[in-house]
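Hello,

Here is the structure I promised to pass on. Please open it first, then read my notes below.

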Amino acid sequence: MTDNASAMAGAPKARFEFSRLLGLTLIGVLLAMFLFLSWKTTTFATPGNLSNLARQGAIFAILALGQTFVIITAGIDLSVGAVASFITVVVAMLIQSVAPGIVVSLAGVGFSDYAANIVALWVCIFAALALGMAIGAFHAFGVVKMGLPPFIITLATFTALRGVGLLMTNGSTINVTNDVFTGFSRGEFLGIPNLFMVVIIVAVPAFVYLHLSRWGRYLYAVGSNAEAARLSGVNVQAVTATAYILSALCAAIVGVMLASRTGTGNATQAIGFELEAIAASVIGGTSLFGAIGSVWGPLLGAFILATIRNGANLMNVNSFWQFIITGGLIILIVYFDGLRRQRR
Amino acid sequence: MTVTATHAPVARPAAAVPILELRGLEKRYTGTHALKPADLAFETGEVHAIVGENGAGKSTLIKLLTGVTPRTSGEMIWKGQATDLSTPNEAIALGINAVHQEVVLCPHLTVAANIFLGDEHTSRGLLKDRAMVREAQKIIDDLGFNLPAGVPLSSLTIGQQQLIATARAASRGTQFLIFDEPTAYLTRQEAAQLFALIRRLKSEGVTIVYISHRMEEIFELADRVSVLRDGTLVGTRKVSETTDAELVALMINRSIDQIYHKETFAIGAPILDARHLSGPGFDDVSLTIREGEIVGLYGLIGAGRSEFVMGVYGRQPRTAGEVLWQGRPVDIRSERQAIDLGMALAPESRRDQGLCLNLGVGLNINLPVFDRLTRGLTISAAQERQAADKQIADLRIKTASRNALALSLSGGNQQKIVIGKWLNHGAKLFIFDEPTVGVDVGTKAEIYRLFGRLLSQGAGILLISSYLPEVYELADQLHVFRGGRQVATHGFKAVSHEQILTEAIGI
């Protein structure tokens, strides 16, 4: 046999860091768009517009981040738009019907009206988020225990949850009259829009989870080769379940943000958001085949999409073009992703 | 089909042009020499058997003959004309077809649709379904199979599907038909039908290449037989002039390389004691692995060795029997449990079971031990680097960096990752399932030396191999498996190669 053949073949060339390049490319694309729009329009680089952009991007950034966890395991979560919409209904209902009761009883034990209101809102929000995680747990059950393809189980909730929400509201819209709640989405903290702050609050633990903890490593391992991970002692079922629960939690957070931003609970909001989230994630370098993805990728992807939309509006580009540009960008990025895979 | 004048298989005039002649045919893959230059002439209308151990180069030869992989060098001469034969379509155009052990057809389509797949009868662009079913039925009836043509292929048994695959090949003007262990899944009756078909094709002048482990089939069917060993064509015999003992002797590598370093260590207490264990694919297996010893499991692919291992490791459920771990009864229900007890598994298939190919070398090495590398919530980056670099250095894994993707490494170095991931873990029982498949000799020797190191540290090794010299030279105890059962147990080099191979094949 060829003893030295393996010696030669065993020294692969240093891998060109395409993923890092892609990250830089995305920042470059975002910067170029910012510069271009600042130059071409007088309205883009204004505090009002930028904070508007930050709010628009924030919604998709969080959805895309949750979606990314699932895609890294080589799954897909089609339900995130429906979950977000359903949670707007839930949180609106809770705030309108349960919160006042909590406020009254807290005021009875000496809370100020303002403090009682804040506590009541947090109770409602946490209940809504918990419900979101329960929906994620249902997806996980379908995938892990029933052996359903992720596409199917999340497609089922994608349609069913809209129905549940419509039944709960009888098809109508619930208006949220709590000013503290609706004021949150318009507010700022240290000059940064609150909704953007939520992105940071979500992204930091997400970064720790995905990039620094062993659970993140397991997520990649499961997406790359579940059998190898299993034989190495990784609890594949638990790891997979976590991804779906986190994706649904992110969707629930977006539901609360949407309810605050629109001041309504409505089961027909957020139509098509799941595809926006997938697009943002893919533009951010996540591979639909699993095992490749990051936290910053989907965040950048979401803000790139938001900037395209914002800029097109400001430049009076026919809004229909936005869809076409987004489509073209997806093809371009995924094509380069394929090239990156081949080089490896 | 070409009908040649001669029907006498052995006494052929020397001047007859062989249907296919191989001259110096050779195939190298990265790191392995799968087929060393081989010269072989297939005579028109003969049944030519090919035998050899697993990994001897039989599959490589089939892939070359059917154009699935291009050759590295050498010539292929078809009826006296040099031919390129580097794509499957070229092979089919010449009239070369193969029937594989696993049926590679579309189970959801009808029998007729499968027979005509890729060659459908149409009328103005539309399929002539009923005509095809009629014609397929005629083909099947002509061959003497009592099978319907209009039902989905999946409604037939595997054996019947195999017959359909043969009918498909036979119906397309095949002149050169390769069978790769066709009877592996057939019942006796189905096998008889297949043999009748093969004889008939032969009488029509079709050349048959027949690959099988079953000696009795070769002596029943074949005119000549060629033996492959370690990628070398070591001989061709007329079946009428050879014996199965001679063939077995040819199949076995007599010149044992210097690569086996058998070191003997003091045998200690039992680590794993399996008693009458049964499960999917294995039945009533009992064996003991003690500190400082290598227990070998030998058998052909599908003999139930890997299934037994997966049962012990908690990957597959066990249906009967008990397992003692260091003298205590244990009920292992998950891989994690097995690992926590102190088992380590380097599984049979590196690509499917052993590695996360599109992830880094370091991540693969550390996969079983991330819990130990974790401080608080996060992984200690320094310890992660250290643990990976230690194995890369100790095992001399040739990689650009610990972040290089596992798929960028050669087979031998990939295998070192699969083994290395358990060395940081510090297991008591190491299970190596086919650890040297597709691994070059140098790396093989390194892996065997590593066995000695593990044994000296008081570990036990369960070594599964289809490569007889490996288990023969290394195992203190050798269990022979056949058809999911443990058919024999021997001490270190207690019996001859021939006897073990005979037990495994079941002559």
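Is the crossing of α4(A) and α5(A) left-handed or right-handed? The crossing of these two helices is right-handed. (A crossing is left-handed if the near helix is turned anticlockwise from the far one by less than a right angle, and right-handed if clockwise.)

Some ground rules. This is a predicted model: local features need pLDDT of at least 70, side-chain atom pairs count only at pLDDT 80 or more, and totals for chains, interfaces and linings use all residues. Residues are numbered from 1 along each chain as its sequence is written, while chains are lettered from A and ligands numbered from 1 in the order in which they are written.

**Helix pairs in chain A**

Helix α4 (residues 80-108) of chain A packs on helix α5 (residues 113-145) of chain A at about 145°, with axes 8 Å apart. (Helices, H or I of at least four residues, and strands, E of at least two, are DSSP runs numbered from the N terminus. Axes are lines fitted to C-alpha atoms, for helices over the stretch in contact; angles run from 0 to 180 degrees between N-to-C directions.) The residues of this contact divide into 23 nonpolar, 2 polar and 1 charged. (Ala, Val, Leu, Ile, Met, Phe, Trp, Tyr, Cys and Pro count as nonpolar, Asp, Glu, Lys and Arg as charged, and the others, Gly among them, as polar.)

Helix α12 (residues 273-283) and helix α13 (residues 296-314) of chain A pack at about 115°, axes 7 Å apart. Their crossing is right-handed. Among the residues that meet are A:A280 in α12(A) and A:L305 in α13(A). The contact holds 7 nonpolar, 2 polar and 1 charged residues.

**The core**

The largest nonpolar core has 241 residues. (Such a core is a set of buried Ala, Val, Leu, Ile, Met, Phe, Trp, Tyr and Cys residues joined through C-beta atoms within 7 Å. Buried means 20 or more other C-beta atoms within 10 Å of a residue's own, with C-beta atoms placed from the backbone.) Those with the most contacts inside it include A:L63 and B:I431. Helix α11 (residues 236-262) of chain A gives the most, 17 residues.

**Chain B**

In helix α9 (residues 305-312) of chain B, 7 of the 8 residues are buried, so the helix is largely enclosed by the rest of the structure. B:F308 and B:M310 are among them. Just after α9(B), B:G314 takes a positive phi of about 85°.

In helix α18 (residues 497-505) of chain B, B:I500, B:L501 and B:A504 are buried. Just after α18(B), B:G506 has a positive phi of about 80°.

Best wishes

Technical notes
A residue is buried if 20 or more other C-beta atoms lie within 10 Å of its own, exposed if 12 or fewer, and partly exposed in between; C-beta atoms are placed from the backbone. Two residues are in contact if their C-beta atoms, placed from the backbone, lie within 7 Å.
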